[in-house]
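Here is a friendly walk through one protein model. Please have the sequence and the 3D view at hand as you read.

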Amino acid sequence: MLKGSVIKNIPWIDIMVAWDTIVKVQSVIVDTGFTGKLWLTPPLASELGLNIVGVTLVKMADGKTSPISIANIFVTLEKSLKLVPVFVSEGAPLLGMGLLSEFGCRAIIDCPSQSVEIIEK
């Protein structure tokens, strides 16, 4: 089980991401409205040495469609390591529903106790 915190009504959790020989613990927002897997910033992608493998059109929360770069990255949640596609663009780092589904995880966001739990089956 991974544990995080709700800070100013935003659920944050730390995950491990890696590429080549670089491994990093990264704080991400658990975004239940994001259907993708993972969203990281260009500076972080550069720090990890990620290679952009393509561009796709993504429908944003405001309904607009934007071209977004895609790379691949290794992610570890609790027990499993998987290679997953990641969107690379400006904005906050996000963990989406697609990643939770990929890992077979359950997310519990408990606002009264200001806690976040990701539980991998």
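What follows goes from the overall fold to one hairpin.

This is a predicted model, in which local features need pLDDT of at least 70, side-chain atom pairs count only at pLDDT 80 or more, and totals for chains, interfaces and linings use all residues. Residues are numbered from 1 along each chain as its sequence is written, and side-chain values use heavy atoms, with hydrogens and water left out.

The protein has two helices and ten strands, taken as DSSP runs numbered from the N terminus (helices H or I, at least four residues; strands E, at least two). Starting at the N terminus, their order is β-β-β-β-α-β-β-β-β-α-β-β.

Some overall values are set out here.

| Property | Value |
|---|---|
| Box of the C-alpha atoms along the principal axes | roughly 40 × 35 × 25 Å |
| Buried residues, of 121 | 38% |
| Accessible surface | about 6,700 Å² |

Buried means under 20% relative accessible area, with a 1.4 Å probe and protein chains only. The accessible areas come from the Shrake-Rupley method with a 1.4 Å probe. Carbon and sulfur atoms hold 55% of the accessible surface.

Now to the hairpin. Strand β9 (residues 105-110) pairs with strand β10 (residues 115-120) in the antiparallel sense, over six bridges; pairing requires that DSSP finds at least two bridges between two strands. Isoleucine 108 has glutamate 117 in β10 as its bridge partner. Four residues lie between the two strands of this hairpin, and glutamine 114 takes a positive phi near 55°.

Terms used:
Buried < 20%, exposed > 50% of the residue type's maximum accessible area, 1.4 Å probe, protein only.
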